[in-house]
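Dear colleague,

I am handing over the structure we spoke about, with the sequence alongside. Please look through it first; my notes on what was found follow below.

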Amino acid sequence: MLKPVRVLLFVSLFTVSAFATESGAPIAQFQQLEQLLPTPTARRNAAGAPGPAYWQQRADYSLDVELDEHTHSIAGRGTITYQNRSPDTLTYLWLQLDPNFFSHNADSRTADRPVDIAKFPYKKLESLLTEETYGSDLQISSVTDAAGAPLAHTIVKTMMRVDLPVPLAPGQTFKFTVTWSYQLNPWKGSPARTGYEVFEKDGNALYVVAQWFPRMAAYTDYTGWQHKQYLGTGEFTLEFGDYDVRITVPDDHIVSATGELQNADAVLTAAQRTRLKQAETAKSPVFIVTPDEAKASETHKPAGKRTWIFHAESVRDFAFATSRRFIWDAMGAAGHSYKGRPVMAMSFYPKEGMPLWDKYSTHAICQTLDVYSRFTFAYPYPVAQSVNGPVGGGMEYPMICFNRPRPEDDGTYPKRTKYALIGVVIHEVGHNYFPMVVNSDERQWTWMDEGLNSFVQSLAQEEWEKDYPQGRDARALPEYMRRTDRVPIMSNSESIYELGYNSYAQPTVALHLLREVVMGRELFDHAFKTYAQRWMFKRPTPADFFRTMEDDSGVDLDWFWRGWFYGTGHVDIAIDQVRWLQLDSRDPAVEKPKAKAEKDALPKTLMAERNAPLPKRVDCFPELKDFYTDYDETTVLPSEKTVYERLLAELKDAKIDPSLLKTARNFYLVDFSNLGGIVMPLVLRIDYTDGTSEELRIPAEIWRYNTEKCSKLILTPKEIKGIVFDPRQELVDTDVENNYWPRRPVKTRFQLFKDDAEKNPMRELKPKAEEKKP
């Protein structure tokens, strides 16, 4: 049982700061990040905004591509108009040849990370066997300038350098043309962000085509050419531009692509065009290509080819999907417009996607636009599309994304599949904001798009339905955070092993902690929107995000970035002890009876209890009694009274209210240890003996003098029964057992197992042996 200890008040000539101990423990967590962040410049200022000298390159594309569905290959020709908006003179250009990822000798294959031999996956073996026969380089047929003259070029794995005949000065433009071809990767055996899937029932294929043309690598102010090789994890760093694309496919195919369809009259029936117009104002999705029309196409033999023409403005990439099996539904996204027209939310899927896709996909698109636009900026494109296709989960491109979840063959689906579809559509459509508009460097920092996007995704899911089953929350992270083989979030994309935790879940939880615990919703939401809007159609770095969040909110967050993004610590804050203190009034008439009462209230020892009935000598010989035999220890002596009166006079002379000595409060000094390394605010629930409770939120700065130990003084008229750290389990604390005072057991479950019986060949074979007997 905790008992109060008396504490004396003293007159002091200086003020002692918070009860943070000073044992010399490291305080690195509160050192400013300026020694780690790049120096602000006129291109990127100290507030985290683009400066007056900010620049970025531009690349416009005119592309022609044709699909051969018999060989599952494409051939293309593209003219690129490259604008040098940098202050540098360029003597060569770098392009990305991402299909070389599938080459037989690609680094992605030869330097692939090892497989856990103890749990060798079937799909991994299938992939290894496929690699024995499938390998596809992007075959470059020609690289020529605007006059048709060949340009010297060098292919370096997944990159290609084009040497310029004349240096490209700042402000100049260079136009050149590339022709190429390559065989698409099969979903079965070689799943990736792009590829094709063949349906065994009818032999038809569905294609999702991305990273399919030579794309300009980014030339930036912070790293020059971003030409890190594409190994499969680090995604893409690209320049904005306008695209005019002509896609030639069998004449019975339906095509979904980045941008707006320019020749609907030539590729859609009159009925389909009418439905598309009706869908603009519809309250629910409208079939543009109906299930019956898609089913009829399954057995249709194409009579020829048809070219679909698309135009897209201010995008950093272009992808498309095509199949004769596509069902297509659409509706206008209410409240969203582009150049005076409704933004169209559209979904494309085979019949195998029903009844999930027709029910949820397009609505999930609209949900994404509603919530993301509220937290960032208005959706800046004319369409947002979700395509069911052969990808591992989901993959995003401007105005279009590819998503995998489907129901079972009988049309039923597990709960997990339903929410996997809704979640992945929200996530991939959300990528239109990060990084398709807020154009971060994915090849270098995965978390800047995946982490920020996953965070806003979780906000959109919260507004989908009550108790939406979130997958990336604080309670799912402690086991990962305890691991000792983690790398910082700020690691290069290709150096991250547990990508899902490192670049998706941990940043998501970190941003929720900022919003709910550290900054508060009002400050966080304003700063987050400021970051998104100031970097629209520009390329931010981590420093720009960190600086914007601090500059806009007025909150110093360097300790947070250091712990959650640059470090590998975890949250484990323990309540070490609680000391109960009560004020000594210094009045002997009060304190002496109180001291006696506390002494009398102490439990009797077993020895004292047994000795009590023994006869006492002074009772037999009364002459042994004296003054002290019946002396009352609570009696106030004149000298004690004089000392007290002198104290009151001194307080009066010092203009200190003597009634402070009578303050009826309980003082609790609570000691904490930071065992995990990450400092965090102290979120406490105080339970009182009268049955009431209250929550205290103490900022992380309480650790600023010592990041390993701190103490907090709690002043209350009530008596405390218990204290809990992180009572809502929102801080990702990895050891909840030390979060309680007094300590309490934490319930966990265990399972019973039985030993496997030893195999008995004699019993198994006995019937057969008996049958052979004559």
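Helix α6 is largely enclosed by the rest of the structure, because 14 of its 19 residues are buried; please keep in mind throughout that this is a predicted model. The helix covers residues 357-375, and its end C-alpha atoms lie 26 Å apart, which agrees with the 27 Å that its 19 residues should span at 1.5 Å a residue.

Helix α10, residues 499-518, bends by about 30 degrees at Ala505, with a proline, Pro507, following within four residues. Since 16 of the 20 residues of α10 are buried, this helix too is largely enclosed by the rest of the structure, and just after it Gly520 adopts a positive phi of about 95 degrees.

On the surface, a nonpolar patch is formed by Ile117, Phe120, Leu125, Leu128 and Leu129, which together have about 470 Å² of accessible area. Of these, Ile117 sits in the loop between α1 (107-110) and α2 (122-131), and it counts as exposed because its relative accessibility is 67%, where the cut-off for exposed is over 50%.

The loop between α2 and β5 (139-145) holds Asp137, which counts as partly exposed at 31% relative accessibility. Leaving aside residues up to four places away in sequence, Asp137 touches Asn100, Ser103, Ser181 and Tyr182. The C-alpha atom of Asp137 is also separated by 8.8 Å from that of Asp98, although the two residues are 39 residues apart along the chain.

With best wishes

Key:
Residues numbered from 1 in each chain as written. Predicted model: local features only at pLDDT ≥ 70, side-chain atom pairs only at ≥ 80, totals over all residues. Heavy atoms only, no water. Patch = residues over 30% accessible without salt bridge, like charges linked within 9 Å, V, L, I, M, F, W, Y side chains within 5 Å. Areas by Shrake-Rupley, 256 points an atom, 1.4 Å probe, with all protein chains shown as cover. Salt bridge = Lys/Arg side-chain N within 4 Å of Asp/Glu carboxyl O. Helix = DSSP H or I, 4+ residues; strand = E, 2+ residues; numbered from the N terminus. Buried < 20%, exposed > 50% of the residue type's maximum accessible area, 1.4 Å probe, protein only. Expected span 1.5 Å × (residues − 1). Bend = angle between axes of the 7 residues up to and from the residue. Contact = heavy atoms within 4.5 Å.
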